[in-house]
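The sequence and structure come first.

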Amino acid sequence: MIIKANSFLRRPSTKIHPEQIIVINAIKYSVDICEMAFNRLENNLYEFQEQYYDGKFMALIFSDVWTIINNGAILKKVICNNFNISNNDPIFGILSKLKGLRDTNQHIEERAFQSYNYPELPPIYGAISWYAKKKENDFEGILTTIYSGTIFRNINAEMENPAGKENPKIVNDIKFEGIERVGKSDFVKSTIYINNIIDDIKILIQNFEVQFENQFKDIDMSERHISDLIIQFKIKEIEQ
């Protein structure tokens, strides 16, 4: 897990102000959602090389991509707004590139028509490419691109050539191309690597956990809140 099981981000101290707990919960959930979506995305991209899937499966791939983008952008905004960290601080890494893509997704009902006159751009839900191998130590694999939606004009998607570089994982270079608005009426292609988002989130959270540990090292933190309460009842319906 990106956030450790005993992290203050999972079980905050009872001595922390309630407003801070709300912020910590937002951080925890945005990170966990990104991590779970990425794990599922990696598994599905690996399976994709072995067999053909229908449109519903491809929709799931893009759903996970957009889930990571949206929650990565939320994570950055929550931290900026509540920890007095500059929006341009290098600690955010590639997270700083997510807002433009997220805005496209949040206003897709507008972007779908606004971007029609830009045939050189990716489709509104984006294009994704990746390189997958059966085993980590293999020296060959399959390079795949998915161009979302109906193909009604020329395709303008760039695949990442894995030749001549290290590809240490089974699924490598998960490259996403989407649309970002620049100014009030112009649109450009925005390219990010999904695996780099997760890598930068890991670094960010490691820094936060170290800061929390240093900040509270001289305070008794034995009393901590319980997180994620689950309540279930067994119900028997009344027969009519």
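The model is predicted. Its largest nonpolar core has 51 residues, of which Ile128, Phe176 and Ile194 touch the most other members. Two or more residues each are given to this core by helix 1 (18-48), helix 2 (55-82), helix 3 (98-106), strand 1 (127-132), strand 3 (171-182) and helix 5. Helix 2 supplies the largest share, 12 residues. Another core, of 5 residues, lies apart from it and includes Leu121, Ile124, Ile179 and Phe187. As background, nonpolar side chains in soluble globular proteins tend to be buried together.

Strand 1 is mostly covered, with 6 of its 6 residues buried. Ala127, Ser129 and Tyr131 point one way from strand 1, while Ile128, Trp130 and Ala132 point the other way. Strand 1 pairs with strand 2 (residues 142-147) in the antiparallel sense over 6 bridges, and Ala127 has Tyr147 of strand 2 as its bridge partner. With strand 3, strand 1 also pairs in the antiparallel sense, over 5 bridges; here Ala132 is bridged to Val171 of strand 3.

Helix 5 (194-215) has 22 residues, which at 1.5 Å a residue should span 32 Å; the end C-alpha atoms are 32 Å apart, so the two values agree. Its buried residues are Ile194, Asn195, Ile197, Ile198, Asp200, Ile201, Leu204, Ile205, Phe208, Glu209 and Phe212. An α-helix has 3.6 residues a turn, so residues three or four places apart point the same way.

In the segment after helix 5 lies Leu229. Together with Ile231, Phe233 and Ile235, Leu229 makes a nonpolar surface patch of about 560 Å². Leu229 has a relative accessible area of 72%, and because exposed means over 50%, Leu229 counts as exposed.

Most residues other than glycine have a negative phi.

| Residue | Place | Phi | Relative accessible area |

Key: Residues numbered from 1 in each chain as written. Predicted model: local features only at pLDDT ≥ 70, side-chain atom pairs only at ≥ 80, totals over all residues. Heavy atoms only, no water. Patch = residues over 30% accessible without salt bridge, like charges linked within 9 Å, V, L, I, M, F, W, Y side chains within 5 Å. Areas by Shrake-Rupley, 256 points an atom, 1.4 Å probe, with all protein chains shown as cover. Salt bridge = Lys/Arg side-chain N within 4 Å of Asp/Glu carboxyl O. Helix = DSSP H or I, 4+ residues; strand = E, 2+ residues; numbered from the N terminus. Buried < 20%, exposed > 50% of the residue type's maximum accessible area, 1.4 Å probe, protein only. Expected span 1.5 Å × (residues − 1). Core = buried A, V, L, I, M, F, W, Y, C linked by side-chain atoms within 4.5 Å. Pairing = 2+ DSSP bridges.
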